[in-house]
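Have the sequence and the 3D view open as you read.

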Amino acid sequence: MSGYPSRIVCLTEETTETLYLLGEGHRVVGVSGYTVRPPEARRKPRVSAFISAKYDKIEGLQPDLILAFSDLQATITCELVKRGYPVVAFNQRSIAEILQMIRMVGALVGCTDRGDKLAADLELEIDSIRAAAARLPIRPRVYFEEWDEPLISGIRWVEELIEVAGGEPIFPELREARLGRDRIISAESVLERRPDVIVASWCGKAVRPERIASRPGWQDIPAVRDGHIYEIKSSYILQPGPASLTEGVHQLHRIVARVAQDIADHRLRG
């Protein structure tokens, strides 16, 4: 549509994926180097990492809108604003804020109705998983590990998705902490809270379940004792966009349901 941005640079994947889901991927002229979805977006020029950007390459693309995410990109966005570019920086940290971001992206490109419909469809999908989770025999205690050195947990949208999926996060008090350094925990605190399942997603590297299981004292944690250590790829759960509200929460629900049934069966056996 005329009068709306037509050359958009997306510095993270969430807005790229949203624009493609809205049918507006042709507006995207530059993407993050970490972009994996949708596959066709990987053919676009890669102009940034997460906390660094190739400013000359961005300038060469002549964008009329740049979309960023997180306080961690504040330095990048500040520099781009100084260079005269219109920048919109999102900082979505909850399910509600992810849906708001989707609606806002739709409005920015003149597709308000499609943005509203995409968000509404995602809400329906979340509601369907919540309804399925309500039928589980128990709600397992879930420890989600977003980093291993140091241990970091409690990121808000993942904690909310765990609840949607039928689990109980073991560090609910951490979800209000926006910065990773404020969500550092001790190995002893995990041991004390005895999770039934461990779900890990280490951004940029593969999870090593054997390393988790071998931590001192963790052999006594029910999740470790019963072999319930799982990985969800970071691109499906640690990026607060459409993928976390679809594939991410579906993977969480499958894991939680498996563990809930296992616990229920064990109790029946006595």
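## The chain as a whole

Of the 270 residues of the chain, 53% count as buried, where buried means under 20% relative accessible area, exposed means over 50%, and partly exposed is in between (1.4 Å probe, protein chains only). Please keep in mind that this is a predicted model: local features need pLDDT of at least 70, side-chain atom pairs count only at pLDDT 80 or more, and totals for chains, interfaces and linings use all residues. Residues are numbered from 1 along each chain as its sequence is written, and side-chain values use heavy atoms, with hydrogens and water left out.

The chain has 11 helices and 11 strands; these are DSSP runs numbered from the N terminus, with helices (H or I) of at least four residues and strands (E) of at least two. Its radius of gyration is 20 Å, close to the 18 Å that the globule rule gives for 270 residues, so the chain is as compact as a globular protein of that length. That radius is taken over C-alpha atoms, and the globule rule is 2.2 Å times the number of residues to the power 0.38. Along the principal axes, the C-alpha atoms fill a box of roughly 70 × 35 × 30 Å.

Contacts tell us about the fold too. Among contacts in the chain with a separation of 6 or more, 61% are between residues 24 or more positions apart; a contact means heavy atoms within 4.5 Å. The chain exposes about 12,300 Å², and carbon and sulfur atoms supply 53% of that area, as computed by the Shrake-Rupley method with a 1.4 Å probe.

## Charges and salt bridges

There are 36 positive and 38 negative charges in the chain, and their mean positions are 3 Å apart. In this count Lys and Arg are positive and Asp and Glu negative, while His and the chain ends are not counted; each charge is placed at NZ of Lys, CZ of Arg, CG of Asp or CD of Glu.

The structure holds 27 salt bridges, each being a side-chain nitrogen of Lys or Arg within 4 Å of a carboxyl oxygen of Asp or Glu. Three of them are set out here.

| Salt bridge | N to O distance |
|---|---|
| Arg37 and Glu13 | 3.1 Å |
| Arg37 and Glu17 | 3.2 Å |
| Asp121 and Lys117 | 2.8 Å |

Which parts of the chain does the pair Arg37 and Glu17 tie together? Arg37 lies in the loop between β2 and β3 and Glu17 in helix α1, so the pair joins parts that are 20 residues apart in sequence. Arg37 also forms a salt bridge with Glu13, and that pair links distant parts of the chain, 24 residues apart, with Glu13 in helix α1 (residues 13-21) and Arg37 between β2 (28-32) and β3 (46-48).

The residues of both pairs are buried: Arg37 has a relative accessible area of 14%, Glu13 of 3% and Glu17 of 10%. Among the buried residues of α1 are Thr15, Leu19 and Tyr20.

The pair Asp121 and Lys117 has another setting. Being 4 residues apart in helix α5 (residues 112-133), Asp121 and Lys117 are separated by about one helical turn. Asp121 is partly exposed at 35% relative accessibility, and Lys117 is exposed at 52%. Elsewhere, Asp56, Glu59, Glu79 and Arg83 are linked in a network of salt bridges.

## Backbone details to look for

Most residues other than glycine have a negative phi, and most peptide bonds are trans. Here are some places to check in the viewer.

Pro38 lies in the loop between β2 and β3. A cis peptide bond also joins Glu149 and Pro150, with omega about 0°, and Pro150 is found in the loop between β7 (147-148) and β8 (151-152).

Gln62 is not a glycine, yet its phi is positive, about 50°. Gln62 lies in the loop between α2 (55-60) and β4 (65-69).

Ser70, also not a glycine, has a positive phi of about 85°, and its place is in the loop between β4 and α3 (74-82). Is each of these two residues buried or exposed? Gln62 counts as exposed at 60% relative accessibility, whereas Ser70 is buried at 7%.
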